[in-house]
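I'll start with confidence and then go through a couple of residues.

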Amino acid sequence: MISLLVGSSPRFGVGVEVGILGYELFLKETVSNKKNQTPGWDFQTSQVGLDFQNVSYLNRISGKSMFVGLKDKNKREQVVWDLDIQLTTGKETGLRPFYLGKNNYIGYETSKFLFGVGRREHKFRPMSFQTSFDGGDGVFLEFQPQSNLTLQFFLWDQYSGSLLFQKDRFHSLLAHSPKEKSDHWEELESKEDKQSHHRRHSFGFVYGNDLNLRLGIQYIELGSWGRHVKDSPRETKSSGADGDSIINGNVGFGWDLYFVDVQFDFLWAKGNDRSNSKITNSPGSIPISGEAIQWGAELQFGGFLFRSSHFLSDREERNSKNQIIREGYVSLGSHPGQTPYISQIFRIFPSAAVTDTGYDKNFALIDGKCFGYLTELVLQFTYRKFVGKFVGNYFLPYKVGGSSDGRISFQKRDFEVFSIAEGLLELSLKEDSSFELGIGFSQVILPESIGIKSNFGYVFGRLEL
């Protein structure tokens, strides 16, 4: 990505960001004679997905896209604004028409209160992963009674997966042609037009400075939002919703010890998923009751940075007949990882999740939402203007099928015999916050029985005037 930041007239002080994103992907698949290590898994979530295991082919995908962004953060008397929006070339390149930054709002501020409309990041969200993000899109109230205590109330939030451009720019890359990418976007748009009741209400606080405690609680209505989620017309007509909802929470702490930073969060989710599936123990409704833990640590010494992040969810509880008794943990917000394949191109979440396409749980290599363990390792070296960065992601899913107690497990026998891994190398030149130019190269490692080998490269840059 090559981007230019050009300042406008001093009267308004709005920054204009113009960028071009370029990438190249090589994907090679061969028919493998090895025993299938991934029963119950598929390369695609669609019915034609089995073709990827029966046909040999080589794909070379390259492309580019453009965007124009506006940035401004300022205050006039008690009116404040923090604007960050990027307009893209859209459908033909597989991108959405626009993306909001982590904050994009206008509000009214006093010494202790901030009332705003727009996107505001959740300060109480888990912080173990370097690029994880969640935020509300709607109306919010922020209260700071003292310098070390911040409370956030999201009165109304039109939840849409908390998408960021940096987290979505490679997502539609496997849609090969411009028409396929346009169809991919139009399909998402059509689904969104039919979605209902996915409003979210959230509350959270952060207390402390170097040692801080955080707590967050979120309530979201699902309605018909998701591939297998259906509304009950009778109950929706009488009460406005049919009970498809999730309460999601986190409680944790962060401890900044000069050159060491430690983070830990306990996550939980409770709710109800109405379903007529025959694989459920009680057709008509599946209770959601799950937990997960997330922890991480970062060490900085001189020009070196080392960060290790981990996420471990529980799983669905099944009886001896392989019927679902209850669902496991359901996550909200963006993907926690930052490597291209796992977080965007394949986009495999380490639990069930509510994303920009709604609530889903499946066991697939593309748009997978499957319970398991995800870890990320970041090694970074900075010398003057040079920055070298290596990021490794490793995902180990729980076994699919069979009876399960649904609890968090640390035992090897409860996980699959295969894993999905990826390595990313980035080299760049930086000068403060005004200039950046670099390249990135990534390779994914999949089970041999799938027979897929792929690597990916991209360029990026930024210039601020």
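So, confidence by element: strand β15, residues 304–313, has the highest mean pLDDT, 97, while strand β1, residues 2–7, has the lowest, 36. This is a predicted model, remember. Residues 1–12 have pLDDT below 50, although that stretch makes 40 contacts in the model beyond near neighbours in sequence. Another stretch below 50 is residues 234–242, with 15 contacts counted that way. Averaged over the protein chain, pLDDT is 82, and 77% of the residues score at least 70.

You'll find Lys369 in the loop that links β20 (358–360) with β21 (372–383). What is the nearest side chain of opposite charge to Lys369? That's Asp360, 4.3 Å away. The salt-bridge cut-off here is 4 Å, so Lys369 is buried with no salt bridge. There is a polar atom of the Lys369 side chain 3.4 Å from the backbone oxygen of Asp367, though. And who else is around? Leaving out neighbours within four places in sequence, Lys369 has contacts including Phe349, Ser351, Thr355, Thr357 and Asn362, and Asp360 is on that list too.

Last one, Leu222. Leu222 sits in the loop between β11 (211–221) and α4 (233–239). Is Leu222 buried or exposed? Buried, because its relative accessible area is 0%.

Terms used: Residues are numbered from 1 along each chain as its sequence is written. This is a predicted model: local features need pLDDT of at least 70, side-chain atom pairs count only at pLDDT 80 or more; totals for chains, interfaces and linings use all residues. Side-chain values use heavy atoms; hydrogens and water are left out. Helices (H or I, at least four residues) and strands (E, at least two) are DSSP runs, numbered from the N terminus. Buried means under 20% relative accessible area, exposed over 50%, partly exposed in between (1.4 Å probe, protein chains only). Lys and Arg count as positive and Asp and Glu as negative; His and the chain ends are not counted. A polar contact is a pair of N or O atoms within 3.5 Å; within protein, one must be able to donate a hydrogen and the other to accept it, and residues adjacent in sequence count only if both atoms are side-chain atoms. Contact means heavy atoms within 4.5 Å. pLDDT is the predictor's confidence in each residue, from 0 to 100.
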